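Dear colleague,

Please find below the structure that I am handing over to you.

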Amino acid sequence: MMIPAKARLKLRTLLLAVLLPALAGCAAMIDPEPEPAPEEPAVEEPFDADGAIRHTVDNEAVAMLWEQSEEARRNEEFRSAISALERALQVAPEDPVLWSRLAELQLEQGEHGVAENFAARSNALAEEHRLLRYRNWLIIEAARDYRGDDEGAREARLEADRLREGS
Amino acid sequence: MLAAGALCAYVGAAFLILDHRVRSDFDQTQWRLPARVYSQPLDLYRGRDLSPGVLADHLAAVGYRPVEVPTAVGQFARSGDTFRIRTRAFEAADGGDPARRIEVRFAGERVAEVRDGDGAATLARIEPERIASIFPGRAEDRELIALEDAPGRLIDALLAIEDRTFHDHHGIRPTAILRAAIANIRAGATVQGGSTLTQQLAKNFFLTGEQTLRRKFDEALMALSLEWRFDKAEILEAYLNEVYLGQDGPRSINGFGLGARYWFNRPLDELELHEIALLVGLIRGPSYYDARAYPERARQRRDVVLQSLAETGAIDAAAARAASERPLDVVPRERVRLRGYPAYADLVRRQLGLHYDESDLRGDGLRVYTHLDPRAQAAAEEAIEGRLAELDPDGDLQAAAVIADAHTGAVTAVVGGRSVRSAGFNRALDARRQVGSLAKPAVYLAALAQPERYTLATQLDDRPFTLDLGGGESWQPRNFDGHFLGELPLIDALAQSRNAASARLGMTLGLETVEAALDDLGGRPSHGLHPADLLGAFGRTPLEMTAMYQTLAAGGFDAPLSSIAEVHDTRGQPLTRHTLRVRPAAPSGAVFLVNEALRETVRSGTAQALAGPFADRGIAGKTGTTNDLRDSWFAGYDGRHVATAWIGRDDALPAGLSGSAGALHVWADMMQPLPAAPLSRAGAAAIEWFRVDPQRGRRLPEHCSDARRLPFLAGSEPPYDGNCRTREQRMPTRP
């Protein structure tokens with residue numbers, strides 16, 4: 001399915017804004033001195049400063065699979081990227097960051113329904129992980145947007161805004 | 001002249017009849033390549049909850065050979081808890097892995113480290129076990145091979161010893177037949193064969209084993225017909241898959257694929273020269289040359305094959321000599337796993353039919369990657385075999401079990417009956433039996449989804465209860481123990497499986513509300529809900545109940561139960577991807593509360609027998625018993641697996657077992673060896689824990705140590721009371 005270029009761009013920007021701090025936390029497990037992120041996030045100050053997204057990976061296997069997935073994603077091998085994360089879920093089935101990342105990959109694959117469900121799964125596990133839930137609601141908003149569910153997208157946006165404002 | 005004409009007419013008519021048979025029979029089974037079905041690969045990573053025994057079993061199952069120093073792929077060396085392995089390259093659902101050198105060290109029941117050839121920490125996998133070869137549309141399980149997959153040495157040896165002129169004749173060798181006939185006449189009986197491979201195929205494929213002239217005649221005509229209709233490659237391939245190579249009880253071992261497994265427990269393409277020669281030598285008489293019973297005879301026969309290979313120049317004399325100095329290397333029968341997993345393969349076959357286009361499945365040589373976990377499957381099989389032998393040595397009872405991943409719905413084990421390796425009625429998929437109290441969590445989910453009305457501390461009424469069904473009929477649910485307990489907290493009503501309290505609760509909520517909750521869990525009966533369905537009067541299969549409990553296990557997220565990870569075509573390209581699917585199906589917060597009640601079931605309720613053995617695992621589960629003890633159910637889960645066990649009789653007569661007396665024990669036996677994980681914490685964000693006095697309906701200070709501590713959806717907790725004093729708790733004594 002074709003994703004309107006404009007909508008895609010918007011989504012990318014928003015996701016990157018909240019993703020990169022999270023990913024840095026994950027990558028740090030493998031590499032004590034992570035490379036600076038290749039793309040500067042379009043920083044929206046409050047989230048970056050918050051630092052609440054911490055993907056604490058105490059599992060080496062999850063960290064390695066995450067890296068594999070990221071590598072595949074950079075090479076646009078989305079199937080491999082998804083497979084690696086699904087393998088990571090075997091190790092850590094209730095890791096909300098894994099579910100959220102899978103949601104995003106599915107969104108890029110045009111699997112909007114799957115993406116929304118994965119984001120909801122992540123939300124149910126994210127507890128106090130406010131920024132992660134914010135990000136999940138953005139994914140849900142985008143998924144509903146692509147499906148033409150304007151009302152649903154608006155509701156998702158409200159949820160996201162609520163989280164963004166820290167309530 | 002007339003006699004010659006009659007003979008010609010006779011031969012012609014016989015040929016036509018046999019030719020018709022050749023066409024209909026042989027063409028039907030024309031060797032379309034079957035789909036190969038694989039288990040999960042075995043993942044190895046630091047910290048994994050896995051014992052060295054599981055790795056050793058998996059290596060044996062996929063035919064790795066123990067050696068001092070691994071020098072070739074498919075070999076491993078074990079010293080204590082450290083394994084050095086030369087892994088094979090393999091394909092898998094996600095693309096697979098290359099061949100690697102790895103070292104795996106265990107510390108107790110855990111993987112302590114995994115290192116690659118350079119000593120760096122790594123993730124590794126051992127290839128999946130091939131568990132079956134199936135024709136997607138047919139109920140058959142054979143290990144078929146394609147001609148191009150057959151080792152060259154095998155063909156060389158076969159032709160050298162059985163039929164050196166195979167590529168030149170037209171099905172029969174008149175001179176050989178003549179020579180055999182003369183020898184037979186001299187001996188006064190049939191002693192000499194002289195059959196071509198084509199004749200042998202005809203014999204194996206169509207005819208009985210009797211040795212008569214008439215049979216030899218038919219065989220020759222059929223051989224001619226085969227050669228006329230099919231080319232040499234097709235005939236050779238059919239021969240490779242038909243040839244009789246042994247007898248395993250009632251099952252005959254046909255074909256080199258199965259033969260390699262039966263005698264060496266390895267894939268055919270991994271056999272060495274001396275092993276191939278042994279297999280080929282068996283053709284003349286698998287029971288006479290039985291390498292387990294008569295190793296010396298088998299050795300001599302093997303060496304004859306090697307010699308004849310050298311005569312044809314396919315190998316040189318030195319190679320023949322070297323091979324004949326090798327031991328037989330046949331593995332003991334008990335180490336061979338021949339029958340695969342028929343109940344699991346059955347599920348795979350059906351889900352292939354459901355989720356893939358028939359036209360895609362018609363392709364040759366599909367590879368089906370499944371979620372079967374040999375460890376879970378073995379645990380389920382052993383649990384059923386062991387418990388059934390103990391509960392019912394005479395064999396009237398039947399059983400079934402399903403294990404799945406709690407979060408992804410990946411089905412890891414299926415057992416369809418107490419004869420765990422026999423194909424046949426697959427009770428896990430087809431025995432639709434009344435579920436009894438296994439349905440109750442839906443009633444309580446419906447209640448707890450209304451936090452303004454119901455919490456775990458809400459007092460329910462377990463006094464006798466009569467429902468007017470209209471038309472002069474009424475329904476009065478009875479409790480299993482024959483007693484009524486009066487008022488008790490909702491959590492205990494579910495944990496102790498109180499029928500009167502549950503039915504009354506269900507009627508108060510309304511059948512439609514409960515029906516909706518059952519629907520959320522994927523367990524709604526096809527008809528509209530009747531009052532008796534509140535207590536599980538409707539029928540479900542063990543697989544369906546596993547699906548229902550999976551939603552609870554995953555905190556309200558439904559993941560369809562699936563056996564198939566992915567299907568690849570011959571070129572390794574995936575057919576439509578069968579990706580992970582989850583769907584929010586029930587409110588996570590309410591599910592969290594139901595899960596807590598089902599934990600209470602294990603702590604103090606009807607599944608109390610599990611409290612000891614699973615003390616540190618925090619499992620949740622539910623017993624189910626139907627009228628007159630016809631069905632004994634248990635469904636339960638932790639944060640990793642969800643599993644269901646059922647025991648009952650095929651004729652639906654009373655089995656004499658309650659859920660807690662029968663299925664619970666099977667469930668416990670199969671879950672105990674599996675790695676554990678804490679229950680899902682989905683929805684936990686909406687939960688707060690409080691000390692309460694359910695009878696007074698009051699929240700108490702935290703220091704009131706003898707008060708119940710229960711989870712509540714935030715805001716639904718009862719009003720606060722600073723006074724610790726609780727009224728005497730009426731704890732029912734019966735589990």
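A salt bridge is taken here as a side-chain nitrogen of Lys or Arg within 4 Å of a carboxyl oxygen of Asp or Glu. By this rule, the count over all chains is 64 salt bridges. Please note that the model is predicted.

In chain A, a salt bridge joins the side chains of A:Arg73 and A:Glu104, at 3.2 Å from N to O. This pair links distant parts of the chain, 31 residues apart: A:Arg73 lies in helix α3 (residues 60-74) of chain A and A:Glu104 in helix α5 (residues 96-108) of chain A. Both A:Arg73 and A:Glu104 are buried. They also belong to a network of salt bridges that links A:Glu70, A:Arg73, A:Arg101, A:Glu104, A:Glu108 and A:Arg135.

In chain B, B:Glu275 and B:Arg266 form a salt bridge through their side chains (3.1 Å, N to O), and both residues are buried. Another salt bridge, at 2.8 Å from N to O, pairs B:Arg696 with B:Asp693. Here B:Arg696 is partly exposed, with a relative accessible area of 26%, whereas B:Asp693 counts as buried at 1% relative accessibility.

Turning to helix packing, helix α6 (residues 112-126) of chain A packs against helix α7 (residues 130-147) of chain A at an angle of about 160°, with the axes 9 Å apart. Because of this angle, α6(A) is roughly antiparallel to α7(A). Their crossing is left-handed. The residues of this contact comprise 10 nonpolar, five polar and four charged; among them are A:Ala119 and A:Ala120 in α6(A) and A:Trp137 and A:Ile140 in α7(A).

Terms used:
Residues are numbered from 1 along each chain as its sequence is written. Chains are lettered from A and ligands numbered from 1 in the order in which they are written. This is a predicted model: local features need pLDDT of at least 70, side-chain atom pairs count only at pLDDT 80 or more; totals for chains, interfaces and linings use all residues. Side-chain values use heavy atoms; hydrogens and water are left out. Axes are lines fitted to C-alpha atoms, for helices over the stretch in contact, and angles run from 0 to 180 degrees between N-to-C directions. Helices (H or I, at least four residues) and strands (E, at least two) are DSSP runs, numbered from the N terminus. Angles under 35 degrees count as roughly parallel, over 145 as roughly antiparallel, 65 to 115 as roughly perpendicular and the rest as oblique. A crossing is left-handed if the near helix is turned anticlockwise from the far one by less than a right angle, and right-handed if clockwise. Contact means heavy atoms within 4.5 Å. Ala, Val, Leu, Ile, Met, Phe, Trp, Tyr, Cys and Pro count as nonpolar, Asp, Glu, Lys and Arg as charged, and the others, Gly among them, as polar. Buried means under 20% relative accessible area, exposed over 50%, partly exposed in between (1.4 Å probe, protein chains only).
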